Amino acid sequence: RKAKERADMRRAALHNLGCKVNSYETEAMQQMLEAAGYQIVPFQDQADVYIINTCSVTNMADAKSRQMIHRARRKNPDAIVVATGCYVQTSAGEAEEDLSIDIIIGNNRKTQLVRAIDEFRRDHRRVKELAEDSRQPDYERLQLTRTAEHTRAFIKVQDGCNQFCSYCIIPLARGRIRSRSPKDVLKEVRGLAASGYQEVVLNGIHLSSYGMTSYNRQVASEEMAGGGRLMELVEAVAGVEGIRRIRLGSMEPRLVDRAFAERLARVEKICPHFHLSLQSGCDETLKRMNRRYTTQDFRQAVALLRENFAHPAITTDVIVGFPQETEEEFEASRHFLEEIRFYEMHIFKYSRRRGTLADTMPGQLDEETKSRRSHVLLALADRMSAEFRRQEIGREAEVLMEVKEILRGEEYWTGFTREYVRAAVKADGRDLRNQLIRGRASELIPGTQILQMEEVHV
């Protein structure tokens with residue numbers, strides 16, 4: 001009788017750690033559970049099954065992953081606890097010793113979630129689904145019919161990485177590059193468009209390698225030329241009826257040659273908001289990071305985007321305090337960032353990760369130095385971001401409305417321009433969710449980073 005009661009328990013809770021790709025996979029797993037008859041409840045609630053999609057990008061991410069696993073076990077000692085994702089893939093030994101975990105599911109095995117839960121219910125023995133070959137040649141076919149975002153859908157089209165940057169564990173966590181078929185991507189995009197989504201974001205672990213077939217560096221460079229298969233995918237997605245906007249996830253500067261920039265600019269649905277991964281504005285630091293491009297490569301990519309798009313928003317990631325980074329190298333990086341004039345920068349203090357080359361490098365910097373340099377770059381990021389927003393004032397822009405908010409005591413609808421600047425129009429009693437509104441920015445709403453838009457009726 002007790003076994004029967006347990007078999008009827010169908011309350012599941014999910015918790016995601018990490019990147020947008022992880023978020024996509026967590027939503028896909030949730031929809032798999034719903035299709036199997038599970039009721040999804042908040043993670044803080046009592047559940048019969050807890051799924052933690054873990055992250056392993058830093059030692060701290062590992063610790064947070066373990067913390068959430070143990071929190072689930074404390075919440076309901078009788079629940080089934082599933083640990084999946086990068087932490088269990090890279091630290092399988094630790095995961096297997098952790099008695100809080102009932103089911104271990106590595107990357108490229110998440111489609112086995114429901115079957116693994118059923119197996120545990122039946123046999124009451126730990127279930128382990130891990131990819132033994134890190135190359136993982138097959139792309140795991142996950143699918144979404146909706147997303148947690150109400151107006152914008154993030155779509156995973158690529159997995160894995162061959163770059164082996166000296167600070168990064170992801171090639172071991174995610175395996176080698178592999179891509180989703182255009183047919184599968186378009187099927188998902190059409191389904192999301194039919195559900196009312198007008199904007200899609202094409203994402204991947206290393207999006208620039210979408211469609212590549214070789215691990216050979218020379219062949220890979222040839223396949224990347226002109227955007228390669230990624231550009232073909234963008235053009236195909238642009239042909240889907242109902243999709244009005246397309247964004248691209250993080251790209252390598254090497255992807256952006258003249259042919260790619262010119263071809264991309266001909267796709268009217270592309271949003272001129274480009275995230276180019278930098279990590280450092282100093283060539284010596286880039287070499288130690290094994291980033292495989294120079295600041296001149298990056299400078300040229302930005303110039304091509306600005307040549308082909310009227311007012312593109314360029315964003316990036318920067319790691320501060322990498323091993324052996326001198327004051328001179330830091331200053332060189334800071335000057336380069338000022339030269340490029342980014343819309344937004346995500347600043348990260350270098351965090352050691354076991355299993356990476358950088359973890360074993362001499363010249364590890366102390367936290368005080370990393371924090372001081374981080375504060376300098378955060379202030380620079382704020383200044384450049386404010387400058388970009390001020391440049392928007394007086395411009396006409398299209399805003400995809402998302403949420404209703406109270407600003408300055410009045411109701412506004414807020415959303416994002418094609419450049420991904422947050423903007424607002426007065427609600428005036430209207431429901432503008434998921435509507436595209438044209439307006440001209442008149443000011444930044446005091447006390448916010450939101451553009452006040454005066455509607456333009458075309």
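Trainee: Two strands count as a pair once DSSP finds at least two bridges between them. How many bridges join β14 to β17 here?

Mentor: In this predicted model, five bridges link strand β14, residues 396–407, to strand β17, residues 436–444, and the two strands run antiparallel.

Trainee: And which residue in β17 does Glu398 stand opposite?

Mentor: Glu398 has Arg438 of β17 opposite to it.

Trainee: OK, zooming out, in what order do the strands of the barrel go?

Mentor: The barrel is closed by five strands in the order β14-β15-β16-β18-β17, with mixed pairing, and from one strand to the next the twist averages 50°.

Trainee: Changing topic to the backbone, what is the phi of Arg408?

Mentor: Arg408 has a positive phi of about 55°, although it is not a glycine, and the residue lies in the loop between β14 and β15, the latter spanning 410–417. As background, most residues other than glycine have a negative phi.

Trainee: What about Gln279, where is that one found?

Mentor: Gln279 sits in the loop that runs between β11 (273–275) and α12 (283–289), and it too is a non-glycine residue with a positive phi, in this case about 80°.

Trainee: Is Gln279 buried or exposed, and why?

Mentor: Gln279 counts as buried because its relative accessibility is 8%, and the cut-off for buried is under 20%.

Trainee: Then what is the relative accessible area of Arg408?

Mentor: For Arg408 the relative accessible area is 45%, so this residue is classed as partly exposed, given that exposed would require over 50%.

Notes. Residues are numbered from 1 along each chain as its sequence is written. This is a predicted model: local features need pLDDT of at least 70, side-chain atom pairs count only at pLDDT 80 or more; totals for chains, interfaces and linings use all residues. Side-chain values use heavy atoms; hydrogens and water are left out. Helices (H or I, at least four residues) and strands (E, at least two) are DSSP runs, numbered from the N terminus. Axes are lines fitted to C-alpha atoms, for helices over the stretch in contact, and angles run from 0 to 180 degrees between N-to-C directions. Buried means under 20% relative accessible area, exposed over 50%, partly exposed in between (1.4 Å probe, protein chains only).
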